[in-house]
Structure formats: structure tokens, C-alpha cells
Amino acid sequence: MSAQKPRILAIIGQGYVGLPLAMAAVDAGWTVIGVDNFEAKVAQINKGSSPVEDISDAQLKAAISNGSYRATIDYSAVAQASVVTICVPTPLDEKREPDLALLRNAATGIAPFVSNETLVVSESTSYPGTLREIIIPTVNQLKPKDSLKVYFASAPERVNPGDPVWNQKNTPRLVGAIDEESKTKALAFYESICDAAVSVSSPEVAEAAKLLENTFRLVNIALVNEFTQLCSASGINVHEVIDAASSKPYGFMPFRPGVGVGGHCIPVDPLYLTWWARQNGGKAEFVESADSINHAMPKYVAERALCMVDSSVKNPKVLILGVAYKPGVGDVRETPVSELRDHLLSMGADVAWHDPLVPAWEGSQSIDLTWECDVAILATKQPGMNLNQLIARGVLILDCTNSLQGLSGVTSL
Ligand SMILES: NC(=O)c1ccc[n+]([C@@H]2O[C@H](COP(=O)([O-])OP(=O)(O)OC[C@H]3O[C@@H](n4cnc5c(N)ncnc54)[C@H](O)[C@@H]3O)[C@@H](O)[C@H]2O)c1
């Protein structure tokens with residue numbers, strides 16, 4: 001970074017993306033200010049209690065106590081920073097279209113405090129053109145008069161919460177900047193915290209690449225979910241088929257079926273792509289079809305599970321195992337288990353759930369595994385979930401995770 005600017009980083013949004021980035025930057029010698037507009041979360045973080053699984057309380061406390069990290073709700077802290085990264089959510093609105101309200105708020109919030117020669121980077125996932133059309137005009141319009149030069153880049157976050165192998169440091173980072181000076185500064189910043197920064201020719205390429213990465217996962221999951229239904233109808237075990245296809249050493253990558261897709265990325269980002277396509281007069285039909293197939297999975301899983309119960313049982317008791325959208329996290333955003341539960345209820349089932357990482361969800365509490373049920377659905381295999389007692393009791397289980405092979409009473413999706 002430029003010699004006259006201190007290595008102070010301000011990160012807007014201290015969630016699954018922002019807090020791990022903060023700790024990676026601290027490890028790389030940066031002083032980090034985490035700005036978040038959720039006051040209770042800021043207070044929790046400053047007490048050394050981490051709100052995300054990937055960061056331990058000990059790591060957070062160490063960074064706070066040695067003065068290299070603090071959280072604040074006060075945007076004016078941005079004035080001290082030489083680099084500002086925006087890591088706020090980019091969800092869908094009620095029409096399932098991009099909702100950039102939080103991103104606009106973040107840009108508006110930082111703009112009056114961005115000092116001269118500061119690099120502003122958007123890490124939030126969005127459609128191509130977001131940096132250039134929304135963030136840059138907002139910051140340039142509201143920045144202080146003496147902030148003559150502000151640099152801009154897009155570097156979409158690729159964090160995979162709960163992943164024991166890939167993290168902020170060893171996952172290469174895409175960097176697309178608006179000009180050569182911004183590119184030099186952005187590459188220098190990411191090279192200081194990541195093992196590799198990959199330069200692309202524009203912010204739009206970086207933004208589009210992020211959508212491609214996540215859409216790739218969505219359509220492959222949809223393909224295998226559809227394939228699962230075809231195999232099941234013919235009495236073929238889809239997992240054996242996937243294992244068989246995986247013996248091909250090139251041109252095939254295994255994906256596994258499940259209740260659907262969840263989290264803040266895979267179900268959401270492809271709809272930024274379909275919306276962007278429509279804005280440009282096109283249609284992303286393949287992606288729309290994949291979205292529909294995945295959304296049909298919860299109903300399919302509910303039907304499969306209820307078929308396992310004796311038809312004489314009027315209101316079958318169904319225990320859902322795991323409600324988080326994936327193993328190892330307590331994150332229930334966009335979890336397909338929500339639709340699964342709705343379908344089961346509408347089919348007359350009495351539904352309870354158990355998740356060791358999610359104490360409360362949608363107005364109810366995680367229940368003990370001793371709950372007597374007619375069938376259990378293993379939706380997400382959480383670490384620490386001891387299913388031996390269920391299996392020993394002879395409870396029928398529909399396993400949507402392919403983690404209980406060859407056990408009596410267990411049917412795999
Ligand atoms: N979670 C993931 O696995 C993941 C992976 C890659 C990319 N992303 C992308 O990163 C972005 C952030 O996602 P996340 O999962 O970290 O979200 P998150 O909900 O975990 O955290 C976001 C934080 O931003 C805060 N916030 C919201 N608006 C704000 C504002 N205007 N000013 C200050 N703080 C604000 C919220 O209070 C929250 O603490 C999204 O665009 C997402 O698509 C997420």
C-alpha cells in the first residue's frame with residue numbers, strides 16, 4: 001500500500017464474510033475496524049463472543065486485546081482506513097429479485113468519511129455493474145471535498161463457512177478494478193492477506209465470475225436432484241450411480257442430492273443472474289429450470305418420508321434431523337428444511353425437529369432425540385448429532401445426506 005497510508009482496514013458488515021476477513025487481515029498485520037449497523041452484534045463481538053462458527057472466541061479476544069481489532073456502529077471510523085471493504089448482505093426481495101438496499105446503505109454510510117487515496121472494495125455478491133453503477137456514483141457524490149482520489153475494485157468473497165480446508169488465506173481472490181491505480185492497490189491489499197490474488201480485466205468480470213461459480217453449483221445440484229427422482233422411480237440407488245460415474249478420471253464432478261439448496265449464496269445468487277439476463281433482454285432458462293427443480297425437492301422429500309409410514313397412521317409424527325442449510329453451521333437462512341416442514345404440515349404430519357447447532361428456529365425449539373416418531377428425515381447431518389439411539393430404537397429414517405449407508409431402517413434419498 002502507499003507509504004503515507006497506515007495499514008488500517010475498515011470492513012462494513014461483520015457477518016459470515018466480514019468477521020473472518022477481519023481476522024485474516026489481523027493475522028496479516030492489519031489493524032481492523034469492523035463496522036456493523038446491528039448494535040447488539042457489535043456489543044457481542046466487542047465482548048469477545050464470536051457470532052460465526054469459523055472464528056473462535058479465543059481468536060477474537062486475542063485480536064481485541066492486542067488492539068488490532070474492534071467493532072463499531074460508527075461509520076466515521078472509516079476516515080482512518082486506507083482500505084474499506086463492503087461485506088453486507090445482498091438478498092432477494094419479495095418478488096425474488098435483487099434487493100440492494102443494504103448495499104446502498106453501506107455505500108451511503110461510508111461515503112462522507114472516505115479519505116483521500118482510500119481503496120473501496122465491494123466483496124458482496126451482486127450482478128455485473130453493481131460497483132460501477134451503484135457504489136461508485138454514491139461514494140463519489142457524497143465523499144468529502146478533499147478526498148480527491150478514491151480507488152475502486154470488486155473482489156467477490158468466496159468464503160465457505162464451516163470448511164476445514166479452504167479459508168480466506170488459501171482461497172485465491174478475484175480482483176477486478178476500474179483503473180490501473182485501483183488495480184495495483186487492490187492486488188497489493190489482497191496479496192497481503194491471501195496466498196493468491198487473480199487479476200481480471202474489469203469489476204464486471206469479477207462480479208460475473210462469482211455468479212457463474214454459484215450458478216454452476218445450483219444447476220449441478222438440480223441435475224442430480226432430478227436424476228435422483230428418475231433413479232428412485234426405477235429402483236436404482238442414485239448414490240451408487242454417482243459413485244460409479246465418479247470412477248471416470250476426467251469430465252465428471254460428483255454432486256449429491258438433498259432437500260434442496262439453502263444459505264445466502266446458492267439459492268440467491270443465480271436469481272441475480274436471471275434478473276440481470278432479463279434487464280439485458282435475455283432469459284437464463286437453464287438457471288430458472290434448475291431453481292424450479294430444487295424448489296420442488298422439499299415436497300418430494302416429504303412425500304418419500306410419509307410413504308415410509310404405515311398408511312393406517314392418521315397424523316404421522318415426523319422428526320426432522322438438522323435444519324441448518326448445511327452441516328457444521330447454525331445458519332438457517334434460506335434453508336430448504338423450512339419448505340420441507342411446511343409440506344409435511346400441510347400433508348397432516350405432526351412435525352418436530354432436532355439440530356444441535358440451532359437452538360431455536362421459526363418459533364420453535366430443537367427437540368430431544370428421545371421424541372417418539374413414526375419416521376425421521378435426516379436433512380442435514382450436523383457434527384455431534386448422535387443418531388445411534390434412533391437407529392437402535394428401530395426408527396425409520398429417510399437419509400437425505402448419504403451418511404448412514406447400509407443400516408437397517410434407513411432409506412437413502
Ligand atoms: N455467507 C457466505 O457463505 C457467503 C459466501 C460468499 C459471499 N457471500 C456474500 O457476502 C455478502 C455478505 O454475506 P454474509 O453471509 O457475511 O452476511 P451476514 O448476514 O452474515 O453479515 C452481514 C452483516 O452486515 C451487517 N449489515 C447489513 N447492512 C449493513 C450496513 N448498511 N452497514 C453496516 N452493516 C450492515 C449485518 O448486521 C450483518 O452483521 C453477501 O453479498 C453474500 O452473498 C456470502
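In this predicted model, helix H4 (residues 101-110) gives the most to the shell around the ligand, contributing four residues. The ligand is surrounded by 28 residues. The closest are Gly13, Gly15, Val17, Phe38 and Ser124. By class, the shell holds 13 nonpolar, eleven polar and four charged residues.

H4 also packs against another helix. The axes of H4 and helix H5 (residues 130-142) come within 8 Å and cross at roughly 25°. Angles under 35 degrees count as roughly parallel, so H4 is roughly parallel to H5. The crossing of the two helices is right-handed. On the H4 side, the contact is made by Leu103, Arg104, Ala107, Thr108 and Ile110. H5 supplies Ile134, Ile135, Thr138, Val139 and Leu142. Seven residues of this contact are nonpolar, two are polar and one is charged.

H10 passes H11 in a right-handed crossing. Pro298, Lys299, Val301 and Ala302 of H10 form one side of the contact. Glu339, Leu340, His343 and Leu344 of H11 form the other. The contact of H10 with H11 comprises five nonpolar, one polar and two charged residues.

Burial was examined for helix H1 (residues 18-27). Eight of the ten residues of H1 are buried, so this helix is largely enclosed by the rest of the structure. The buried residues are Gly18, Leu19, Pro20, Leu21, Ala22, Met23, Ala25 and Val26. Just after H1, Gly29 takes a positive phi of about 95°.

Key:
Residues numbered from 1 in each chain as written. Predicted model: local features only at pLDDT ≥ 70, side-chain atom pairs only at ≥ 80, totals over all residues. Left-handed = near helix turned anticlockwise from the far one by under 90°. Contact = placed C-beta atoms within 7 Å. Nonpolar A, V, L, I, M, F, W, Y, C, P; charged D, E, K, R; others polar. Near = placed C-beta within 6 Å. Axes fitted to C-alpha atoms, helices over the stretch in contact; angles between N-to-C directions. Parallel < 35°, antiparallel > 145°, perpendicular 65-115°, else oblique. Buried ≥ 20, exposed ≤ 12 C-beta atoms within 10 Å, placed from the backbone.
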